[in-house]
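Please read each point with the model open beside the text.

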Amino acid sequence: MPSRPQTRATLIAMIVALTIGAVAGVTRHQAADAAEGPVPGIGIQRLGSSYANAAGYDRYAYVITGRADAAAAATQPGTSLVYHSGVSVNTVWDSGVPYSVASANGWLLTSSSGELLRNVNYPDNYIGDVGNSAYQAEWARRVGDYLASVGADGVYIDDVIADVTTMTGGIAPGRYPSQAAWEDAMVSFVTAIGATLRARGFYVLLNAHKYIAGNGGSDDGSLEAQWWRRLAPSVSGLMNEHFVQNAANPAQFRATGSEWYNQWAGWQGLVAVAQNAGVDFFGLTYAMPADTRWLRYAKGSFLLDWDGGGGALIVNPSPDASSPGDSDPWSSEWAVDIGRPSGAKYQVGVGWRRNFSEGTVVVNPSSGTFQTFPLGAAYAMPDGSTVTTVTLSPMSALILRSTGTTPPV
């Protein structure tokens, strides 16, 4: 046991260190982030060749890569997921079942006239017979064995779509001539794949989307919610691509305005849809690393309904002239850890607020109205300054730290 003088010296040293940190604008929370491992509720997607050009992956709770970087991502402390397609069979890279195997076994779908179906946007991708039990078993076996070989934690399955004609240029498979028939086949695929891979201990995340031309539910997220409820029992998590951004124009924020591409509340509601179904919610956003306003808005929206468990806002860094997409988008502006939810979200004017064990989040989804939030206590801005009231411009958010040594409850 140390003597009394040594104990006093230690306490004095700790006080000095904390004071210096505060003067420098670095809170105890910020200093601990790097040391405590991944920040819950955030993730990064690195497809293509950008993985090796960046760093900081130990900060993210989830890291999604392609096969080329799967082994490297598996060494990170967060959950590593490897990209595969739920529909496409690629002639060059392995998306689940190799093209040669699928072709030899008759697992490539054709039109009613017998022509092989392709993804019109990616001609090297043919359409696999997702409703075929033999194809399902081969897909699950191959992907499961691959995940085990590289030490990955699970799979990220893209293109789990409810209407394949959105991919084939309007041509339906002869075997699944209606949207309903295809949807049932897709559910069959997910059910079989999910059961096999989860039984082997793997995490199964779907990028699942339902778009039906001319159906208003395609704009407000209600079709997506319907689709997710069918898929949820078989998987670990569900992802909404282009979370709170217009998929047709990712630079356009979703808001509570009247334009068709707004519908913020409907798409925001998918967080609860997934969690109420017993699975994790993921929101994938495409953003430039320097675009902190957009990243705050996406992360703030995610936090409003997040249950504090699994799931995350996943960032796919997009390049621009001043901020290459291979740089690390992590910033205390959006990636800061404010603990776990201490209550439900509540409305403040046109905006929303939710308190957490170590801070608070405020979001203004209005397309044209500013909103002031009286905070009721002092909170730390990302730059270290202290505020008791903040005013948010339309389509913006702030994630604020508690300034007290004891987090609010």
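1. Two strands pair if DSSP finds at least two bridges between them. Helices (H or I, at least four residues) and strands (E, at least two) are DSSP runs, numbered from the N terminus. By this rule, strand β5 (residues 118-119) and β6 pair in the antiparallel sense over two bridges.

2. On the origin of the values: this is a predicted model, in which local features need pLDDT of at least 70 and side-chain atom pairs count only at pLDDT 80 or more, while totals for chains, interfaces and linings use all residues. Residues are numbered from 1 along each chain as its sequence is written, and side-chain values use heavy atoms, with hydrogens and water left out.

3. The protein chain contains twelve helices and 19 strands. Of its 409 residues, 51% are buried, where buried means under 20% relative accessible area, exposed over 50% and partly exposed in between (1.4 Å probe, protein chains only). Among contacts (heavy atoms within 4.5 Å) in the protein chain with a separation of 6 or more, 64% are between residues 24 or more positions apart.

4. β5 and β6 belong to an open sheet of three strands in the order β4-β6-β5, with antiparallel pairing. Its edge strands, β4 and β5, each pair on one side only. Strand β4 (residues 88-90) is joined to strand β6 (residues 122-127) by three bridges. Y126 in β6 stands opposite V89 and also opposite R118, whereas N119 stands opposite Y122 in β6. A hairpin leads from β5 to β6 through two residues.

5. Another open sheet has six strands, ordered β14-β15-β16-β19-β17-β18, with antiparallel pairing. β14 (346-348) and β18 (386-392) are at the edges and have a single partner strand each, so one side of each is left without a neighbour in the sheet. On average, neighbouring strands of this sheet are turned by 20 degrees against each other, direction ignored. Strand β17 (residues 371-380) pairs with β18 over six bridges in the antiparallel sense, and P374 has T389 in β18 as its bridge partner.

6. Helix α12 (residues 292-305) lies across β15 (351-356), β16 (359-364) and β19 (396-402), and runs at about 70 degrees to β19. Axes are lines fitted to C-alpha atoms, for helices over the stretch in contact, and angles run from 0 to 180 degrees between N-to-C directions.

7. How do helix α7 and helix α9 pack? Helix α7 (residues 179-199) and helix α9 (residues 222-231) meet at an angle of about 45 degrees, with their axes 10 Å apart. That makes α7 oblique to α9, given that angles under 35 degrees count as roughly parallel, over 145 as roughly antiparallel, 65 to 115 as roughly perpendicular and the rest as oblique. The contact involves E183, D184, M186, V187 and V190 of α7, together with W227, R230 and L231 of α9.

8. A nonpolar core is a set of buried Ala, Val, Leu, Ile, Met, Phe, Trp, Tyr and Cys residues joined through side-chain atoms within 4.5 Å. The largest such core has 92 residues, of which W139, W182 and L206 touch the most other members. Helix α7 gives the largest share of this core, eight residues. Not counting residues up to four places away in sequence, L206 touches Y156, I157, V160, V190, L231, V235, G237, L238 and M239. A second, separate core of 13 residues includes L81, Y203, L205 and A312.
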